[in-house]
Amino acid sequence: MDFTNWAAWLAGAVAVVGITQWMKGLAPKASSWVWAAIMPLLAIGVAWAAGGARPWFDALGIVAIAQLGYELIVQGVKRKLGGAP
């Protein structure tokens, strides 16, 4: 298994989380399942746009890192600032 795509996965995950947060600003009342469904689609789009040799494999890496990044960074910052749990 080739893990040389870590930098691309990390960059893709940052893009996916950023785009998701931006979209949440446009539709603040959307259910959480909407965002859960959109994340993998965004990851596939980002992986495809990046032109990797294996976009589906890259999309899986991007989703994994984006989910962890969202939970650790976005939710952590919200908790520290007194926002949503």
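What share of the 85 residues in the protein chain is buried? Some friendly notes on this predicted model follow.

1. Buried residues account for 31% of the 85 residues in the protein chain. The chain holds 3 helices and 0 strands, giving the pattern α-α-α when read along the sequence.

2. Helix 1 spans residues 6–26, 21 residues in total. From first C-alpha to last, helix 1 reaches 30 Å, close to the 30 Å expected at 1.5 Å a residue.

3. Have a look at which residues of helix 1 are buried: Trp9, Gly12, Ala13, Val16, Val17, Thr20 and Lys24. They lie on the same side of helix 1 because they cover an arc of only 135 degrees around the axis. An α-helix has 3.6 residues a turn, so residues three or four places apart point the same way. On the other side of helix 1, the exposed residues are Ala7, Val14, Trp22, Gly25 and Leu26.

4. What do the buried residues of helix 1 pack against? Their partners are helix 2 (32–50) and helix 3 (55–80).

5. Helix 2 and helix 3 have axes that come within 8 Å and cross at roughly 130 degrees. These two helices are therefore oblique to each other, and helix 2 passes helix 3 in a right-handed crossing. Helix 2 makes the contact through Met39, Pro40, Ala43, Ile44, Val46, Ala47 and Trp48. From helix 3, the contact residues include Trp56, Ile62 and Val63.

6. One more number for the chain as a whole: of the contacts with a separation of 6 or more, 53% are between residues 24 or more positions apart.

How values were computed: Residues numbered from 1 in each chain as written. Predicted model: local features only at pLDDT ≥ 70, side-chain atom pairs only at ≥ 80, totals over all residues. Heavy atoms only, no water. Helix = DSSP H or I, 4+ residues; strand = E, 2+ residues; numbered from the N terminus. Expected span 1.5 Å × (residues − 1). Buried < 20%, exposed > 50% of the residue type's maximum accessible area, 1.4 Å probe, protein only. Arc of directions from axis to C-beta. Contact = heavy atoms within 4.5 Å. Axes fitted to C-alpha atoms, helices over the stretch in contact; angles between N-to-C directions. Parallel < 35°, antiparallel > 145°, perpendicular 65-115°, else oblique. Left-handed = near helix turned anticlockwise from the far one by under 90°.
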